[in-house]
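Subject: Structure handover

Hello,

Here is the structure I promised to pass on. Please open it and keep it in view while you read.

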Amino acid sequence: MKLLEVIQACHGRVAGGDPYLWSCYGENAQYMEFRDVNGKGYAHCVFDTKTYEVYEIHAEIPGQDVAFRWVNPLKE
């Protein structure tokens, strides 16, 4: 999955990002956060800044104690 697909699924509500500090995805890993119109975070992903390949996605359902995590099965 590519970063553009995640941004489109989140309706372009990018709130920020930082380098991903764990070394498991290499030195080009970046964290990107998405927030709703009220400023509440509802998703974030980790991706490669050179290939834009997404390594993992975390999503929450607003107002519920439910969250999901997707990890790229192709990433070794």
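A note on the ground rules. This is a predicted model, in which local features need pLDDT of at least 70 and side-chain atom pairs count only at pLDDT 80 or more, while totals for chains, interfaces and linings use all residues. Residues are numbered from 1 along each chain as its sequence is written, and side-chain values use heavy atoms, with hydrogens and water left out.

**The sheet**

Helices and strands here are DSSP runs, numbered from the N terminus (helices: H or I, at least four residues; strands: E, at least two). Five strands form an open sheet in the order S1-S2-S3-S4-S5, and the pairing is antiparallel. Two strands count as paired if DSSP finds at least two bridges between them. S1 (14–19) and S5 are the edge strands, so described because each pairs on one side only. On average, neighbouring strands are turned by 15° against each other, direction ignored. That angle is taken between axes, which are lines fitted to C-alpha atoms (for helices over the stretch in contact); angles run from 0 to 180 degrees between N-to-C directions.

Look inside the sheet next. S2 and S3 are joined by seven bridges in the antiparallel sense.

Now move to S4 (residues 54–60) and S5. They pair over five bridges, again antiparallel. Glu60 has Ala67 of S5 as its bridge partner. The hairpin of S4 and S5 has six residues between the strands, and Gly63 takes a positive phi near 80° in it.

Is S5 (residues 67–71) buried or in the open? Buried means under 20% relative accessible area, exposed means over 50%, and partly exposed is in between (1.4 Å probe, protein chains only). Of the five residues of S5, the number buried is zero, so this strand lies largely in the open.

**The cores**

A nonpolar core is a set of buried Ala, Val, Leu, Ile, Met, Phe, Trp, Tyr and Cys residues joined through side-chain atoms within 4.5 Å. The largest one has 11 residues, including Leu3, Cys10, Phe34, Phe47 and Ile57. Helix H1 (3–9), S2, S3 (41–48) and S4 each give two or more residues to this core. Which strand gives the largest share? S3 does, with four residues. Another core lies apart from this one; it has five residues, among them Tyr20, Tyr25, Val46 and Tyr55. There is a general background to this: in soluble globular proteins, nonpolar side chains tend to be buried together.

Contact means heavy atoms within 4.5 Å. Leaving aside neighbours within four places in sequence, Cys10 is in contact with Phe34, Tyr42 and Ala43.

**The salt bridges**

How many salt bridges does a search of the whole structure find? It finds three. The term means a side-chain nitrogen of Lys or Arg within 4 Å of a carboxyl oxygen of Asp or Glu.

- Lys2 with Glu53: the closest N and O atoms are 3.5 Å apart. Lys2 sits in the segment before H1 and Glu53 in the loop between S3 and S4, 51 residues apart. Lys2 is partly exposed at 38% relative accessibility, and Glu53 is partly exposed at 22%.
- Glu56 with Arg69: the N to O distance is 3.4 Å. Glu56 lies in S4 and Arg69 in S5, so the pair ties together parts that are 13 residues apart in sequence. Glu56 is buried at 5%, whereas Arg69 is exposed at 55%.
- Arg35 with Glu33: the closest N and O atoms are 3.0 Å apart.

Arg35 is in S2 (residues 29–35). Arg35 is partly exposed, at 33% relative accessibility. Beyond its neighbours within four places in sequence, Arg35 is in contact with Arg13, Ala15, Lys40, Gly41 and Tyr42. The C-alpha atoms of Arg35 and Thr49 are separated by 21 Å; the two residues are 14 residues apart along the chain.

Asn72 lies in the segment after S5. Asn72 counts as buried, at 6% relative accessibility. Not counting residues up to four places away in sequence, Asn72 touches Met1, Glu53, Val54 and Tyr55.

Best wishes
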